[in-house]
Amino acid sequence: MSGGPDIYHEMIVDYSRNPINYGEIENHDVTFHDSNPLCGDSIDIDMKIDDNKVTDIKFHGKGCAICMACTSVLTEITKGKSLDDVRKIEKNDVLSELGLEHLQAVRIKCALLSLKVLKSALYTYLGSNLDDKTGIDTLKTDAENLY
Ligand code: FES
């Protein structure tokens, strides 16, 4: 996606006012919660998983405009992907959608809280559903070292 800073600013404001995929999935296959200790904002992500694909994803909680916008974008990126592809989602996949690649360190936790929650949710799901757990610890490490 391309656009100037004003377009990105508008997108962030818009997503924060009208978040996409906001809500809960009652019969989710996995859910995870985490918060930003600096501000207390918190995000829960619920996922429905069928045949190793994320068939539905929703989030709820509260966060600043950057947090809500990035979570909206992340859920859109994730929906419909295979679990293998979800594993490969990186921080720049989210940040670049909103022109936030050069975000100040102090705001990076706002932008990446939901990615941390997503990776932790995936780790939790794979940990309880896979017979062969080879390699899933890298997901946990990814989540812990995002910022
Ligand atoms: Fe709380 Fe950004 S200020 S997540």
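Predicted model: local features only at pLDDT ≥ 70, side-chain atom pairs only at ≥ 80, totals over all residues.

Student: How do you know that the end-to-end distance of helix H2 agrees with its number of residues?

Tutor: Helix H2 covers residues 65-78, and at 1.5 Å a residue its 14 residues should span 20 Å; the end C-alpha atoms are 20 Å apart, so the two values agree. After H2 comes Gly80, which has a positive phi, near 90 degrees.

Student: What makes H2 mostly covered, and what covers its buried residues?

Tutor: Of the 14 residues of H2, 11 are buried, and among them are Ile66, Met68, Ala69, Val73 and Thr75. The cover over the buried residues includes strand S2 (42-50), strand S3 (53-62) and several helices, one of them being H5 (105-129).

Student: How is the packing of H2 against H5 described, and which residues meet there?

Tutor: The axes of H2 and H5 are 8 Å apart and the packing angle is about 35 degrees, while the crossing is right-handed. From H2 the contact has Ile66, Cys67, Cys70, Thr71, Leu74 and Thr78, and these meet Arg107, Cys110, Ala111, Leu113, Ser114, Leu115 and Leu118 in H5. By class, the residues of this contact are nine nonpolar, three polar and one charged.

Student: Which residues have the most contacts inside the largest nonpolar core?

Tutor: That core has 36 residues, and those with the most contacts inside it are Ile45, Ala69, Cys70, Ala111 and Ala121. H5 gives the most to this core, with 11 residues. Leaving aside residues up to four places away in sequence, Ile45 touches residues including Phe32, Ile57, Phe59, Val117 and Ala121.

Student: Why is Asn21 called buried?

Tutor: The cut-off for buried is 20 or more other C-beta atoms within 10 Å, and Asn21 has 20, so Asn21 counts as buried. Asn21 sits in the loop between H1 and S1, and its phi is near 60 degrees, which is positive in a residue other than glycine.

Key
Residues numbered from 1 in each chain as written. Helix = DSSP H or I, 4+ residues; strand = E, 2+ residues; numbered from the N terminus. Expected span 1.5 Å × (residues − 1). Buried ≥ 20, exposed ≤ 12 C-beta atoms within 10 Å, placed from the backbone. Contact = placed C-beta atoms within 7 Å. Core = buried A, V, L, I, M, F, W, Y, C linked by C-beta atoms within 7 Å. Axes fitted to C-alpha atoms, helices over the stretch in contact; angles between N-to-C directions. Left-handed = near helix turned anticlockwise from the far one by under 90°. Nonpolar A, V, L, I, M, F, W, Y, C, P; charged D, E, K, R; others polar.
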